[in-house]
Amino acid sequence: MEQYRDFAFIYDELMNDVDYNGWVKYIEDIIKNENVQVQNILELACGTGNLTIPLTKKNYDIAGIDISGEMLSVAREKAEKEGVELVLLQQDIAELDFDVENLDCILCACDGFNYLTYDDELESVFEKSYELLKDDGVFIFDISSYYKLSTVLGNNMYGENREDVAYMWQNYFDSEENVVEMELAFFIKEEDGRFSRFEEVHQQRAYTEKEVLKMLKKAGFTNVKTYGDFTFEAPKEESERIFFVCKK
């Protein structure tokens, strides 16, 4: 079952409590702290452009890549409404095919890498990112932590009932494969008042910080910092989002 197909068209509505402007500020603070001159950014798993669009408005030159044509379609529609021109490519980041080198910054936000469920997929994108960055370039990404996927989401069930959309979200965590499978059922209110239903199944891999650091080192990144939950402090045991800042 494809991920982010029909879900793409209600994704932003369900994520309307996320402070994307604050996320952009945090990324810019990281760049400032690393003392890197950034003009161009390759954004992996850019989704509906919630970071791509505001970063473009700040005059960065950005190319966004995502595997979901539907998510990219939403991003294009939003950009057009806001008068922003985006460069968007539909690709599987596990098989990244991008040939512009000497990039200032590569970005992957909103736990996009957790969707790569095999070690060799994540190692491949790390190696390609190292190859594409300029010397002294910066690779910034975040993941949902092992704690969040195994314990917070874990085997739990969530649901929400809004006026125009409702969903049920059942999780199953496989502790041998370290993968959480999320079964999502959505109910969308149609113009005639009836609700239509669709389902998607998502899988995310729970990586430990140690596993990711080992893969980054293997790819060539030796200068790596980690931060927890939008701070500039080391991740704690119960941090739910871990940021990796890697200088080439």
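Analyst: Happy to! Strand E7 (residues 165-174) and strand E8 (residues 179-189) run antiparallel and are joined by ten bridges. Strands count as paired if DSSP finds at least two bridges between them; the strands (E, at least two residues) and helices (H or I, at least four) are DSSP runs, numbered from the N terminus.

Before going on, please note that this is a predicted model, in which local features need pLDDT of at least 70 and side-chain atom pairs count only at pLDDT 80 or more, while totals for chains, interfaces and linings use all residues. Residues are numbered from 1 along each chain as its sequence is written, and side-chain values use heavy atoms, with hydrogens and water left out.

E7 and E8 belong to an open sheet of four strands, ordered E6-E7-E8-E9 with antiparallel pairing. At the edges are strand E6 (157-161) and strand E9 (195-205), each pairing on one side only. From one strand to the next, the twist averages 10 degrees. Helix H6 (residues 146-153) packs on this sheet and touches E6, E7, E8 and E9, its direction making about 110 degrees with that of E7. Here contact means heavy atoms within 4.5 Å, and angles run from 0 to 180 degrees between N-to-C directions, with axes fitted to C-alpha atoms (for helices, over the stretch in contact).

Now for the rings. The whole structure holds 23 aromatic pairs, meaning Phe, Tyr or Trp rings (six-membered ring for Trp) with centres within 6.5 Å; planes under 30 degrees apart are stacked, over 60 edge-to-face, and the rest tilted. Tyr130 is partly exposed at 27% relative accessible area, whereas Phe221 is buried at 1% (buried is under 20%, exposed over 50%, partly exposed in between; 1.4 Å probe, protein chains only). Lys248 lies over the face of Tyr130, 4.9 Å from the ring centre (the rule asks for NZ of Lys or CZ of Arg within 6 Å of the centre and within 35 degrees of the ring normal).

Finally, the disulfide count is zero, a disulfide being two cysteine sulfurs within 2.5 Å. Cys46 is too far for a bond because its closest cysteine sulfur, in Cys108, is 9.7 Å away.
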